[in-house]
Amino acid sequence: MKKHLFFILTSGLILAILISNAASFIESGIALDKLRGNVLRLHILANSDSEFDQRMKIKVRDAILESGMLSGADDLDEAEELAEKRLEDIEILSELTLEEYGCNYNVRASLTDMDFDERQYGEMTMPKGNYKALRVEIGEAKGHNWWCVMYPPLCIPAACEVETDEDTVECFFDEKEQDILEKPKKYKVRSAIWDELKKLKKKVKKEEKK
């Protein structure tokens, strides 16, 4: 009896907390979806994890970023359109760069939707989830990857690790989105719950269509 009563009280308390925080939870979820939907990632996969192939991945990265062919977009749609139009140019530039170092790997560039784990980017942490990405695959593409954010323009053409451009972050992300990027632990649980609820919603809709 005591256990049953404890369960009822605990469940009621959890429900009350969820209800009282519903507005904040929904606001965070909407901001998370908006953030994911307004970002174009650049994702480069090395041929393998050998020291040589990993160096070649960095050479390709630098060549793409230093070319400037991915810069100048005023919004996400334009960034995607720009990337789509220049896929062949990216492949040619990458293969020519590899040839300079005696490497003849084929390179494939594509614009795709893909799932990313949570990734730290300087002092900013990009939440896990599905993003639009410019994907560059070198050779067999079985090695560790390198990534950055192509739009907003946070990719910096340098051989060192990419650091966050704070001015760009403030320009392209609103306060709620910046809070999500800067305080990942604060949103980790609610983001996971939000994503599970979305999956459940999709599942229910799919069942209703049967």
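**Exercise 1.** Which residue stands opposite L42 in β6?

*Solution.* Look across to β6 and you'll land on C148, which stands opposite L42. Now zoom out to the strands: β1 (residues 40-45) and β6 pair in the antiparallel sense, over six bridges. Pairing here takes at least two DSSP bridges between two strands; strands are DSSP E runs of at least two residues, helices are H or I runs of at least four, and both are numbered from the N terminus.

A quick note before going on: this is a predicted model, where local features need pLDDT of at least 70, side-chain atom pairs count only at pLDDT 80 or more, and totals for chains, interfaces and linings use all residues. Residues are numbered from 1 along each chain as its sequence is written, and side-chain values use heavy atoms, with hydrogens and water left out.

**Exercise 2.** Work out the strand order of the open sheet and find its edges.

*Solution.* Start with the order: the four strands run β2-β5-β1-β6, with mixed pairing. The edges are β2 (107-116) and β6 (145-151), since each pairs on one side only.

**Exercise 3.** Which residues of α4 are buried, and which are exposed on the face turned away?

*Solution.* First, the buried set (under 20% relative accessible area, 1.4 Å probe, protein chains only): in α4 (residues 76-85) that's L76, A79, E80, L82 and A83. They sit on the same side of α4 because they cover an arc of only 160° around the axis, taken from the directions from the helix axis to the C-beta atoms.

Conventions
Buried < 20%, exposed > 50% of the residue type's maximum accessible area, 1.4 Å probe, protein only.
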